[in-house]
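Dear colleague,

Please find below the structure that I am handing over to you. My notes on it follow directly after.

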Amino acid sequence: MTDFPHADVLDHYREVMTQLEAAVAASGRAPDSVSLVAVSKTHPAERMVPLLDVGHRLFGENRVQEAQGKWPDLKIRYPDIRLHLIGPLQTNKVREAVALFDVIETVDRPKLAKALAQAMRDLGRSLDVYVQVNTGAEPQKAGILPDQADAFIEECRTVWGLRVVGLMCIPPAEEDPEPHFALLADMAARHGLAEISMGMSADYPQAIRQGATHVRVGTAIFGKR
Ligand SMILES: *Cc1c(COP(=O)(O)O)cnc(C)c1O
């Protein structure tokens with residue numbers, strides 16, 4: 001009992017889209033103001049095909065190596081796929097990440113910002129990036145600490161020349177996520193950042209109420225990992 005049957009992926013996808021649209025409408029936001037990032041980590045490439053065949057193109061992966069094994073072939077068949085890296089990025093994987101992904105959501109330290117800027121120059125690719133904020137200041141979690149985020153966002157832009165377009169967070173598992181979502185939305189507004197990536201299977205409607213522009217949903221579409 002680890003997976004939904006193949007055909008059910010599409011049913012679950014449609015159910016998530018319905019809930020997403022309902023939350024967008026209930027918040028009085030524009031119908032196209034929230035995008036669903038389908039989080040496909042640990043699931044094999046063929047489970048993506050039903051979604052691709054109904055026109056879904058936006059996916060999230062948390063490991064560079066896994067994504068490299070899965071997406072290049074699919075990108076040949078569906079060239080307009082857009083891939084977001086949503087997991088921690090080691091500096092020794094930066095070149096591979098820049099070559100494969102369209103958006104890096106997890107920029108969280110100067111060393112990584114510098115390596116990304118260098119790899120984009122070397123590869124002639126210019127990716128949108130988000131800064132990941134550790135809103136709960138959890139010691140084990142990736143992301144820049146909230147009290148360092150303002151300065152880090154500016155550093156990414158002015159020192160490293162990165163195209164910072166948004167912020168991303170993963171609230172502490174045991175807490176009410178709403179204050180974390182609100183903090184991230186405030187910070188994005190303060191910096192004039194249009195994109196806010198927050199909300200997962202358990203809490204994406206709340207994230208939408210707090211202003212998410214991207215929700216990252218895995219389990220509710222593809223089943224347990
Ligand atoms: C796995 C993952 C998700 C999706 O989580 P679900 O609870 O399966 O929807 C979202 N964001 C990040 C950063 C993840 O690693």
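The shell around the ligand is made up of six nonpolar, three polar and three charged residues. In this count Ala, Val, Leu, Ile, Met, Phe, Trp, Tyr, Cys and Pro are nonpolar, Asp, Glu, Lys and Arg are charged, and the others, Gly among them, are polar. The residues in question are V39, K41, I86, M168, I170, M200, S201, R216, V217, G218, T219 and R225, where a residue is near the ligand if one of its heavy atoms lies within 4 Å of it.

Please note that this is a predicted model, in which local features need pLDDT of at least 70 and side-chain atom pairs count only at pLDDT 80 or more, while totals for chains, interfaces and linings use all residues. Residues are numbered from 1 along each chain as its sequence is written, and side-chain values use heavy atoms, with hydrogens and water left out.

Which residues make polar contacts (pairs of N or O atoms within 3.5 Å) with the ligand? An N or O atom in the side chain of K41 is 2.6 Å from an oxygen atom of the ligand, and for the side chain of S201 the distance is 2.5 Å. G218 contributes a backbone N or O atom, 2.8 Å from a ligand oxygen. Of the 390 Å² of accessible area (Shrake-Rupley method, 1.4 Å probe) that the ligand has on its own, the protein covers 89%.

As to the overall fold, the protein has nine helices and eight strands, taken as DSSP runs (H or I, at least four residues; E, at least two) and numbered from the N terminus. Its C-alpha atoms fill a box of roughly 50 × 40 × 30 Å along the principal axes.

With kind regards

Notes: Polar contact = N/O pair within 3.5 Å; in protein donor to acceptor, adjacent residues only side chain to side chain.
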